[in-house]
Amino acid sequence: MAGVRTDRLVAVLLLLQRREQVTAAEVARELEVSERTARRDLDALAMAGVPVYSMQGRNGGWRLVGGARTDLSGLTASEARALFLVAGPASAATPAVKAALRKLVHALPEPFRVQAEAAASSLVMDPQRWGSSRIEHRPPRFLDELQDAVIRGVQVRLGYVDREGTETERTVHPLGIVAKGPSWYLVSGTEAGRRTFRIDRVSSADPTGDPVHRPEGFDLAESWREIADEVDRRRTPLEVQAVCTPEGIGKLRMGLGDRLEVGGSTIDGRIEVVIRGYNEYALAGELAGLVEWLEVTGPPGVRDHLASIGKALVERYG
């Protein structure tokens, strides 16, 4: 089996399971290799102990002894359907990922294959809101190189342009990549501690070959939650206290999302809430349209801005 790729042998075996009999030419066409390579792969399966044999003659080919079955995927039917939703038009996966999954679906054993093929075309997702312009978000230039560095565990000499336009260069230890909406981020270890870089601001990415120093117990999802929470705190440092009528809570949730924290009920039946925002004036502008249900109790600066907005509305429309 020297020189024969294991993943290709798995594909050949699954192809045998699905078609019962194949020729070297069919294997070559399916796997996009030469017929010589296909015959070598089939021979390698037999040498590895897989019960496969060849039939000579006009209608000959390769078969599994006794119709032997080996489900190497380990997938349940529901897992296979979920996997191939990624290959359909609803997916945000790259074209390379979609192409790989579409090839894999042909190697799935029955009865998974039919349902998986149906799953790939069963859902369409349109991320654009009604009335918004359609913007095509392309993957950033160095995404593949940085993902490869994460997978191989090698350090990268990173060129980076910050929001002020200043370009710097440093060696980083890539720990993971996160997609947040249309933006991609690289989570890395640096001499100054853990840092996050927007990949569309990366100007160069050169692997050094040196191994990444990965913190013990590092978990990318947990680390990103901490980063996201910190970013939210920086973006919305102001907290406003208010009380809201029960029927207004749904409207606050719709307009404010996760910037709203709902507390307990007051004596008069209203509900205590805390609302986060960027500054007093901007937040007062947001809340001015909610005065039918909401009463801001603090800080005083937000109440003053609301009073000014109310006075201006009365002068113009009263």
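**Notes on the predicted model**

1. Helices here are DSSP runs of H or I with at least four residues, strands are runs of E with at least two, and both are numbered from the N terminus. This is a predicted model, in which local features need pLDDT of at least 70, side-chain atom pairs count only at pLDDT 80 or more, and totals for chains, interfaces and linings use all residues. Residues are numbered from 1 along each chain as its sequence is written, and side-chain values use heavy atoms, with hydrogens and water left out.

2. Now the overall picture. The protein has eleven helices and twelve strands. Of its 318 residues, 33% are buried; buried means under 20% relative accessible area, exposed means over 50%, and partly exposed is in between (1.4 Å probe, protein chains only). Contact means heavy atoms within 4.5 Å. Among contacts between residues at least 6 apart in sequence, 57% join residues at least 24 apart.

3. Back to helix α7, which covers residues 143-152. Its buried residues are Leu 143, Leu 146 and Ala 149. They cover an arc of only 130° around the axis, which puts them on the same side of α7; the arc is that of the directions from the helix axis to the C-beta atoms. Asp 144 and Ile 151, on the other side of α7, are exposed. The packing partners of the buried residues are β4, β5, β6 and β8 (202-211).

4. With a relative accessible area of 11%, Gln 155 is buried. Its side chain reaches the backbone oxygen of Pro 211 at 2.9 Å. Leaving aside neighbours within four places in sequence, the contacts of Gln 155 include Thr 171, Val 172, His 173 and Pro 174, as well as Asp 206, Asp 210, Pro 211 and His 213.

5. Helix α8 (residues 220-235) has 16 residues and reaches 22 Å from its first C-alpha to its last, close to the 22 Å expected at 1.5 Å a residue. The expected span is 1.5 Å times one less than the number of residues. Ser 223, Trp 224, Ile 227 and Ala 228 are the buried residues of α8. They cover an arc of only 135° around the axis, which puts them on the same side of α8. What covers them includes β5 (167-180), β6 (183-190) and β7 (193-198).

6. Asp 219 caps the N-terminal end of the helix, with a side-chain oxygen 3.2 Å from the backbone nitrogen of Ala 221. Within α8 sits Arg 233, whose side chain makes a polar contact with the side chain of Glu 230 (2.7 Å). A polar contact is a pair of N or O atoms within 3.5 Å; within protein, one must be able to donate a hydrogen and the other to accept it, and residues adjacent in sequence count only if both atoms are side-chain atoms. Arg 233 and Arg 259 are 26 residues apart in sequence and 9.9 Å apart in space, C-alpha to C-alpha.

7. Helix α3 (residues 35-47) deserves a similar look. Its 13 residues should span 18 Å at 1.5 Å a residue, and its end C-alpha atoms are 18 Å apart, which agrees. Buried in α3 are Thr 37, Ala 38, Asp 41, Leu 42, Ala 44 and Leu 45. Their arc of only 155° around the axis puts them on the same side of α3. On the other side, Arg 36 and Met 47 are exposed.

8. In the loop between α2 (24-31) and α3 comes Glu 32. Phi of Glu 32 is near 60°, a positive value in a residue other than glycine. At 60% relative accessibility, Glu 32 counts as exposed.

9. Next, the sheet: four strands form an open sheet in the order β10-β11-β9-β12, with antiparallel pairing. β10 (260-265) and β12 (294-298) stand at the edges, each with a single partner strand, so one side of each is left without a neighbour in the sheet. Two strands pair if DSSP finds at least two bridges between them. Strands β9 (residues 238-244) and β11 (residues 271-277) pair in the antiparallel sense over seven bridges, with Leu 238 opposite Gly 277 in β11.

10. Lastly, a cis peptide bond joins Gly 298 and Pro 299, with omega about 5°. Pro 299 lies in the loop between β12 and α11 (300-317).
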